[in-house]
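The text below goes through the links one by one.

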Amino acid sequence: MASHLRLLMIISFVSVIVLSTSSSPLARFPRQTLQNRARTQLFRGDRNSYQYETKYFTQQLDHFSFADLPKFSQRYLINSDHWTGASELGPIFLYCGNEGDIEWFATNSGFIWEIAPKFGALLVFPEHRYYGESMPYGSREEAYKNATTLSYLTTEQALADFAVFVTDLKRNLSAEASPVVLFGGSYGGMLAAWMRLKYPHIAIGALASSAPILQFEDIVPPQTFYDIVSNDFKRESSSCFNTIKSSWDAIIAEGQKENGLQHLAKTFHFCRALNSTDDLSDWLESAYSYLAMVDYPYPADFMMPLPGHPIKEVCRKIDGGSSDASILERIYAGVSVYYNYTGKVGCFKLDDDPHGLDGWNWQACTEMVMPMSSSQENSMFPTYDFNYSSYKEECWDTFRVNPRPKWVTTELGGHDIETTLKSFGSNIIFSNGLLDPWSGGSVLKNLSSTIVALVTEEGGHHLDLRPSTPEDPKWLVEQREAEIGLIQGWIRTYRLEKEAQFSLLKRSW
């Protein structure tokens, strides 16, 4: 690896990992008014159609000062088809928007849409500031202009956005007594858990799927993520694992030859020339990490169109090459399962960002500092150790900002989380699949009777939040049933407490 900096894009439905290189240091988680600029839109996600209204909410740029700063429009999606209404204490299900376009996340959150009729729930999907259409300063160009304009892109501001938004929404709907349940996956799952802890008076519970809230400082070993990715491949085929592990040296050796970069670009069908072998290595590492996250048991096309058990198919391609195929030709055949499973891509573009995620680079350079390394023994990736000095230097060179690696644990906790949350936390589900490399930074055991961990051995990245399919294995069906049961318990308890309060009030009359 040319650089020690590893900036991690944590996308709600599939976390995106992008590894930086020296050639590209940060290459790839008075009263507000509800504006009436609404439109009805039909959007198609994986095999499903969801109907919602798109609206906009006027937000404060800085919730924590009284400076006269410009406001901005926060986009949100809303569906009230199944809501039983305020008089029935119909619940509000709020998905905590991730670091990308909210439509992308909403249409891949099939579980929430599917359980709405059972609960009589109102669905709302507020977009995270600085992503999608929710741009301060009027445009992305102005919002991303410099460190000053980006300084309001923080988790604290985003959580405050959600809190202010849903409080005002409930007031406008005369639904102040309706319970709010939070949902989120990956960075969105982190936000859901943190919002439940920070604003317990606003939300009665949270489903935090694949939420690596412990991936900070030294809470978990830094090699955990890449060890899990590597093990996902090794469990399918040790020869596949070994071929990938050997390929990095083969790439460097080829790149050092005369016209080697041109040959590599041709072998891997890139649309443009490579600037260095790091471009190719990062492209491959990203694909392997994505594959580990979305190693789902059925075909899906959230990030890319993929077959069920895609790692198995990748390894089949790598192991099944002809006897005269070079190691790089085998690698190309395997990675094409991720980048070109449909066979429709003529050449591959580097540095594409179709979902508008690049604000995460700023977040990773300020507060979302997640140390990662690659071990020599267990990892199929090149060996490297996390180097904070290099990380800090690249962040300064890119944004003129210094990271605060301890801020998340200071503001939101993480160390000795079991003892801490036993004292004051409640009603959080941490759901994880052990094939997901982010599971190593999440909560994998029950912390109390109301902070529970639902862990599946064969699960991928927030698979439980995806739409149900006929191919769902029994363990996934059971996991979702357990989540439904827990959420029903939260709402039932809330309503009983409200009824008791009302009875007590009536007696006082």
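What follows describes the disulfides and their surroundings.

This is a predicted model, in which local features need pLDDT of at least 70 and side-chain atom pairs count only at pLDDT 80 or more, while totals for chains, interfaces and linings use all residues. Residues are numbered from 1 along each chain as its sequence is written, and side-chain values use heavy atoms, with hydrogens and water left out.

A disulfide is a covalent bond between the sulfur atoms of two cysteines. Here the term is applied to a pair of cysteine sulfur atoms within 2.5 Å. The structure holds three disulfides.

Cys240 is joined to Cys315, with 2.2 Å from S to S. The pair links distant parts of the chain, 75 residues apart: Cys240 is in helix H8 (residues 238-255) and Cys315 in helix H11 (residues 310-319). Helices are DSSP runs (H or I, at least four residues), numbered from the N terminus. The torsion about this S-S bond of Cys240 and Cys315 is -70°, a left-handed link. Cys240 has 0% relative accessibility and counts as buried, where buried means under 20% relative accessible area, exposed over 50%, and partly exposed in between (1.4 Å probe, protein chains only). Cys315 is buried as well, at 2%.

In the disulfide of Cys271 and Cys347, the sulfur atoms are 2.0 Å apart. This link of Cys271 and Cys347 is right-handed, with 100° about the S-S bond. Cys271 is partly exposed at 36%, and Cys347 is partly exposed at 35%.

A disulfide also joins Cys365 to Cys395. Its torsion is about -80°, so the link of Cys365 and Cys395 is left-handed.

Key: Helices (H or I, at least four residues) and strands (E, at least two) are DSSP runs, numbered from the N terminus.
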